[in-house]
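Work through the following exercises with the model open beside you, and try each task before reading its solution.

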Amino acid sequence: MFQDISVEDLQEMQKDQALVLIDVRSPSEFEESTIPRSVNIPIFTDEERAEIGTIYKQVSVEAAKQRGLEIVSAKLPDFIKAFSRYKEPKVIYCWRGGMRSKTSATLVDLMGIETMRLVGGIHAYRTWVVGTLEKLSSTFTSEAIVINGYTGSGKTKILQSLQEKGYPVLELEGMANHRGSVFGQIGKTPHNQKMFELLFVQQALEVKNSPYVLFEAESKRVGRATVPDFLLEKKINGHHIFIDLPMEERVLNILDDYRPWEYADQCMLAFQKLKKRIHTPIAAQIEKDLQTGDYKSAVKLLLEYYYDPKYYHTAEQIDPEKSTVLHVKNTEEAVQEIEKILFEKVGNIKVNK
């Protein structure tokens, strides 16, 4: 028989062992929000779930159960095979830890695959996230090291590199799945607030005991997500590291990140949203560059006549005594210089050594 576990049990177990979290909800539910690092093995597709829901409302509960049984029976071999791919201990969950997760756990258990079921499902996990987020506002004591710089300075790339090296990082744009500008969602599907908070709490708990934490100087909103107020307060009072890269390097960073030639229509649509804020002759030239595929020129003009002046105004408000400017040639050099600053401040402290 499968074992039921609580959210608190899950948190403790994850400290000591690798678990496979399996979300058995439909693909669209999984896409909207899920527990971080989960995989989706849906017991019903979106269409099947809608069909069963209609039968439940218009006919009866028993008729809905019968139709569900017919659907599951037909796909049972593939369903079991999908679970068999994972050798680690498995935790199954659905929305409230009800029929879908119970049925799934029962089926795989009957086939000899040991599994656990998360009581309350993602709804219970979400409740835990909200409560943990409230506690973090008063218990998150790490000093903020804020990575700042003009658009195209490679701030996200720098943070990701530092994170890979084991430094305590909160990668906010990754959590939001958005780059934080009008062009920020090109080639991406931005996360909603629920998904952002699920990811935020996970990363925050991993770094909360570090004497410092690194993150980018984001505004209140990143795409569809809102950054917690306590982190914005830390940004204001933290130490800012300004990355100063040559213009050509910044243009290349943007082209490498956005790959505008693959999303030409999305780029043009985003440009229309800010076109009126740019001097008319320059705006006309940018539009022409986008139409003809001269993206290097378009990006350079956008930086010179829109993003840089806008950013300069924001940068002026930072206390110079709480900031360090790094004049570097590329992001690799920036990472090296930031490591030196961190070592001078607190020594060789990392989350993962």
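**Exercise 1. Determine how helix H1 is oriented relative to helix H6, and which residues make their contact.**

Solution. Begin with the axes, which are lines fitted to C-alpha atoms over the stretch in contact, with angles running from 0 to 180 degrees between N-to-C directions. Helix H1 covers residues 7-16 and helix H6 covers residues 121-139, and the two pack at an angle of about 75° with their axes 10 Å apart. Helices here are DSSP runs (H or I, at least four residues) and strands likewise (E, at least two), numbered from the N terminus. Next, apply the classes of angle: under 35 degrees is roughly parallel, over 145 roughly antiparallel, 65 to 115 roughly perpendicular, and the rest oblique. H1 and H6 are therefore roughly perpendicular to each other. Then look for contacts, meaning heavy atoms within 4.5 Å: Val7, Glu8, Leu10 and Gln11 of H1 meet Ala124, Tyr125 and Trp128 of H6. Finally, sort these residues by class, where Ala, Val, Leu, Ile, Met, Phe, Trp, Tyr, Cys and Pro count as nonpolar, Asp, Glu, Lys and Arg as charged, and the others, Gly among them, as polar. The contact of H1 with H6 has five nonpolar residues, one polar and one charged.

A note on the source: this is a predicted model, in which local features need pLDDT of at least 70 and side-chain atom pairs count only at pLDDT 80 or more, while totals for chains, interfaces and linings use all residues. Residues are numbered from 1 along each chain as its sequence is written, and side-chain values use heavy atoms, with hydrogens and water left out.

**Exercise 2. Carry out the analysis for helices H12 and H13.**

Solution. H12 (residues 264-274) and H13 (residues 280-292) pack at an angle of about 170°, and their axes are 10 Å apart. That angle makes H12 roughly antiparallel to H13. From H12, the contact is made by Cys267, Met268, Phe271 and Gln272, and from H13 by Ala283, Ile286, Glu287, Leu290 and Gln291. Sorted by class, the residues of this contact are six nonpolar, two polar and one charged.

**Exercise 3. Classify the ring pair of Phe200 and Phe230, and then that of Tyr306 and Tyr307.**

Solution. Rings of Phe, Tyr and Trp (its six-membered ring) pair if their centres lie within 6.5 Å; planes under 30 degrees apart count as stacked, over 60 as edge-to-face and the rest as tilted. The structure holds seven aromatic pairs. In one of them, the centres of Phe200 and Phe230 are 6.1 Å apart and the planes stand at 70°, so this pair is edge-to-face. The pair links distant parts of the chain, since Phe200 belongs to helix H9 (residues 193-207) and Phe230 to helix H10 (residues 229-237), 30 residues apart. Both Phe200 and Phe230 are buried, a term for under 20% relative accessible area, with exposed meaning over 50% and partly exposed in between (1.4 Å probe, protein chains only). For Tyr306 and Tyr307, the centres are 4.8 Å apart and the planes at 85°, so that pair is edge-to-face as well. Tyr306 and Tyr307 are both buried.

**Exercise 4. Describe the surroundings of Phe140.**

Solution. Phe140 lies in the loop between H6 and strand S6 (143-149), and at 4% relative accessibility it counts as buried. Not counting residues up to four places away in sequence, Phe140 touches Leu170, Ala204, Val207, Lys208, Val213, Phe230 and Lys234. The C-alpha atoms of Phe140 and Lys234 are separated by 9.8 Å, although these residues are 94 apart along the chain. Phe140 also forms one aromatic cluster with Phe196, Phe200 and Phe230.

**Exercise 5. Find the phi values of Asn177 and Arg259, and say where these residues lie.**

Solution. Asn177 has a phi near 55°, a positive value in a residue other than glycine. Asn177 lies in the loop between helix H8 (172-176) and H9, and is partly exposed, with a relative accessible area of 21%. Arg259, likewise not a glycine, has a positive phi of about 45°. Arg259 lies in the loop between helix H11 (247-258) and H12, and at 35% relative accessibility counts as partly exposed.
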